[in-house]
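Good morning, colleagues. Please have the model open on your screens while I speak.

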Amino acid sequence: MTAMGEAPPDLWRPLGGPARAAGPLLTAWADGGYRSWSWDEWRSRALEIAADLRSRGVVRETPVACLLVNSLDACAAVLGIWMAGGVVVSLPLPARGMAPESYLAQLRLIVGRAEPTLLLTDRSLAGALGTADLSVPVLAIQDLRRNPAGFEPDLPATDETAFVQFSSGSTTEPKGCMLTPAAIARQLEALSVALAIDPERDIGAVWLPMSHDMGLFGCVLLTYWTGHRLVLGTPQRFLAHPLTWLDDIAAFGATVSALPAFALSLVARRAGAAPIQRLTLEKLVLGGDRIDPRVIDEAVATFDGALSRTAMLPAYGLAEAVLAVTMSPVGRGPRTLIADGAALERGELVCLDRDDAPGAVALCSCGPPVGEAEIRIDTPEPGRIGEIVVRGGSLASGYLRDAALTASHFGSDELRTGDFGVLVDGELYVLGRTDDLIPVAGRNVYARDLEDALADVEGVGRGRCAVVDVGGGGRPELVALVEGRRAEEAHRALANALSAAAVRRTGIALDACVFVAPGVLPKTPSGKLQRFRCRALARQGEWSAATIRLRTAG
């Protein structure tokens, strides 16, 4: 690994490096089946795109917006923009539950801030976006074809902005993280070492969206960096049929994959009692926010030996650090501890011996720092909970055209993440985000603890509820948004059961339950709850007929 202060690895090394094997390197789902490219085919297609973009005026530091849909052409477009000298501005896919007009308004906001010369996307989306008044020409990536004879790449310099990541924010509207080739290369090198990638034997199989940092940097560009084969599915195919992820792993003999913890829970639920052939998977990175250890336990039990617990690699990361900050070591399996929930609310970590003790909360380690990353917890005393602060060579250089937000998060070579956590024996345990913390009667309660309690109530389940505070005037008003189809006469009984579960776990009762249809809870494409939009949903208009009041606000 490169030590801090030394020259970073060269992001462009694979483009001019030694020849790679002629066999398939990148395999992507398209039109009901998989198509493959060798490294030479990937690079050749990227050169065609680069030459076409140059003819359209893309030169050094030209921003080019991209709405990346998982495909071979999208993989080539990222390299092609860089070869032309441009800056990739990655736009978010619509978050779940987001109205089309709200999504287009979000895109207009981003385009206005980034001021791209062009917007590239898949042909299936180009027509609709081209008529959406985005104030930028929209082109289909498939239509970018020009003979690259005589074309000379002019790649971004090490310290220039090469990538701007606009993700569907979980707590606020999207903000653009500016990344340099140096930061990206350090992250890719750190991941390749942390995952012990062997291009001769490792095969990746993923479905994560390329518009998200986990899908692009942790999967597609990691393959670009290491030369190991990647099988790239689509999020649409996974969400329609989650077990296709297992099918791909088995069909291609995949050894490495990554997905949010909520998706692992979804696969386990769908797998049920169906027999599963033994999987070749050796390294499974679990990302997302705070990871519930029970998700891992249930998946291992469901797969019944088909997937080893030691393959599970809980990790913590964020777009401001390109991707990963910490990760559990390969081959060890997750570490967990049992904490006193009441002590957590006071900002203290008190470990318990039994997971069935009153108020016990299970926490999962996200492992030690990877690569050059360094972590400290902003708290006056060791062992207490505080904000996670990160240092390292893969940090973003700030937020695009937002000096105030940059100053509030970046300073003295550190990133203030807005996440709360604690370090134990050099490993990070994540508690939640600033937006997850609800002050109630002098206590700090994590919304995630309430949601975990509600998820255990029969008829709910993980990922199908959100707790938000919609109160004002000093008194919190806790509303649970709960997905599912059920008869209206069942709402009151379920609302009472949910409030009782919240009291048992935290001693705090809910004020109301709002029952919504499946798929309504606003989530990012990576599965994180968008709490600011959940809060807006809970506040919309008068309480609906699907709302059960449990206490009178006042």
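First, the conventions. This is a predicted model, in which local features need pLDDT of at least 70 and side-chain atom pairs count only at pLDDT 80 or more, while totals for chains, interfaces and linings use all residues. Residues are numbered from 1 along each chain as its sequence is written, and side-chain values use heavy atoms, with hydrogens and water left out.

Let us begin with the sheet. Six strands form an open sheet in the order S6-S5-S3-S4-S7-S8, with mixed pairing. Strands here are DSSP runs of E of at least two residues, and helices are runs of H or I of at least four, numbered from the N terminus; two strands pair if DSSP finds at least two bridges between them. Strand S6 (138-140) and strand S8 (176-179) are the edges; each has a single partner strand, so one side of each lacks a neighbour in the sheet. From one strand to the next, the twist averages 25 degrees. Angles run from 0 to 180 degrees between N-to-C directions, and axes are lines fitted to C-alpha atoms, for helices over the stretch in contact.

Strand S5 (residues 118-121) runs parallel to S6, and three bridges join them. Thr121 has Ala140 of S6 as its bridge partner. Helix H4 (residues 100-114) packs on the sheet, where it touches strand S3 (63-67), strand S4 (87-90) and strand S7 (163-166); contact means heavy atoms within 4.5 Å.

Next, the helix pair. Helix H10 (residues 261-271) and helix H11 (residues 293-303) have axes that come within 9 Å and cross at roughly 35 degrees. Residues in this contact include Leu264 and Val267 of H10, and Ala299 and Phe303 of H11.

Now the individual residues. Ser257 lies in strand S11 (residues 256-260). Where does Ser257 stand, buried or exposed? At 2% relative accessibility, Ser257 is buried, the categories being buried under 20% relative accessible area, exposed over 50% and partly exposed in between, with a 1.4 Å probe and protein chains only.

Two further residues concern the backbone. Most residues other than glycine have a negative phi. Asp133, in the loop between helix H5 (123-130) and S6, has a positive phi near 55 degrees. Val322 has a positive phi near 70 degrees and is found in the loop between strand S13 (312-317) and strand S14 (324-327). Asp133 is exposed at 59% relative accessibility, whereas Val322 is buried at 1%.
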